[in-house]
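Below are my notes on the model, as numbered points. Please read them beside the sequence and the coordinates.

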Amino acid sequence: MSDPWMYKNMAIPPKDYNLVVPDGWFKLPLDPEARDRSIVALAERQFSGMDNAPHLKEQVMRELQKTAKDAYQAGGIELYLSTLTIGSLPLSSSLLVSFPMPGTMPSSANVHTVAETLRRSDADITLVTLTAAGKAVREFRTDAASPSTQLGNELPTTTVKYYVPIPAADEWLIMSFSTPLDPLAKQMVGLFDAVADTLHWS
């Protein structure tokens with residue numbers, strides 16, 4: 001495996017990124033040619049043995065299709081969805097990996113200018129160093145529930161975003177983690193931070 005740090009001293013940007021995610025996270029590609037098949041596969045997996053819930057299954061698939069379409073149009077590359085459970089409690093969470101849309105990042109941006117721009121919001125902004133990927137901007141926020149768009153969820157949603165500069169390129173990679181499990185938010189954020197720290201270039 002190539003040393004991720006070598007890109008810091010080269011004029012050639014990395015070809016790809018890699019992440020280590022929990023085994024129970026389902027990878028949903030956002031490319032239109034592949035996402036519908038993956039959504040069907042995820043729905044079949046989640047509703048296996050539940051023949052009495054066809055309407056809920058269809059609703060979930062519609063929500064997934066909308067989420068995937070919106071994410072793709074906003075620069076999304078891949079969407080990871082947790083299928084983990086503790087007993088009968090689903091550990092609902094997601095990770096969206098994306099490129100920022102043109103014009104949404106400050107010109108000639110570095111982690112300091114991005115952090116200063118983000119501090120104008122209500123989020124908690126910090127500078128962090130990822131083990132292999134280097135310096136990044138971490139954004140933490142909690143938003144009120146939106147039952148109409150979250151299948152009836154009435155708990156606040158916790159979001160953690162990482163803005164990571166791509167070495168030798170005037171581009172950024174964004175990792176956006178989210179969970180509606182407010183009672184377990186602290187533990188889920190710990191998991192999100194651990195996954196983000198596995199980011200490395202190849």
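1. Lys-161 has Ser-176 in β10 as its bridge partner. The antiparallel strands β9 and β10 are joined by 8 bridges. Helices (H or I, at least four residues) and strands (E, at least two) are DSSP runs, numbered from the N terminus. Two strands count as paired if DSSP finds at least two bridges between them.

2. This is a predicted model, in which local features need pLDDT of at least 70 and side-chain atom pairs count only at pLDDT 80 or more, while totals for chains, interfaces and linings use all residues. Residues are numbered from 1 along each chain as its sequence is written, and side-chain values use heavy atoms, with hydrogens and water left out.

3. The chain holds 4 helices and 11 strands. Of its 202 residues, 40% count as buried; buried means under 20% relative accessible area, exposed over 50%, and partly exposed in between (1.4 Å probe, protein chains only). Contact means heavy atoms within 4.5 Å. Among contacts between residues at least 6 apart in sequence, 59% join residues at least 24 apart.

4. What is the strand order of the open sheet of 7 strands? The order is β2-β3-β6-β10-β9-β8-β7, and the pairing is antiparallel. β2 and β7 stand at the edges with a single partner strand each, so one side of each lacks a neighbour in the sheet. From one strand to the next the twist averages 20°. Helix α1 (residues 32–46) lies across β2 and β3 (76–82), at about 155° to β2. Axes are lines fitted to C-alpha atoms, for helices over the stretch in contact, and angles run from 0 to 180 degrees between N-to-C directions.

5. Helix α4 (residues 185–196) has 12 residues and should span 16 Å at 1.5 Å a residue; its end C-alpha atoms are 16 Å apart, which agrees. The expected span is 1.5 Å times one less than the number of residues. Buried in α4 are Ala-185, Met-188, Val-189, Phe-192, Val-195 and Ala-196. They cover an arc of only 120° around the axis, which puts them on the same side of α4; the arc is that of the directions from the helix axis to the C-beta atoms. An α-helix has 3.6 residues a turn, so residues three or four places apart point the same way. Exposed Lys-186 and Gln-187 are on the face of α4 turned away from its buried side. The cover over the buried residues of α4 includes β6 (94–98), β9 (157–165) and β10 (172–179).

6. Which residues touch the most other members of the largest nonpolar core? Of its 23 residues, they are Leu-95, Tyr-162, Val-164, Met-175, Phe-177 and Leu-199. A nonpolar core is a set of buried Ala, Val, Leu, Ile, Met, Phe, Trp, Tyr and Cys residues joined through side-chain atoms within 4.5 Å. The largest share of this core, 5 residues, comes from α4. Apart from it lies another core, of 14 residues, among them Leu-30, Ile-39, Leu-42 and Phe-47.

7. Ser-98, in strand β6, counts as buried at 8% relative accessibility. Its contacts beyond four places in sequence include Gly-75, Ile-77 and Trp-172.

8. Phe-140, in strand β8, counts as partly exposed at 25% relative accessibility. Phe-140 and Ala-123 are 17 residues apart in sequence and 5.6 Å apart in space, C-alpha to C-alpha. Beyond four places in sequence, the contacts of Phe-140 include Ala-123, Val-160 and Val-189.
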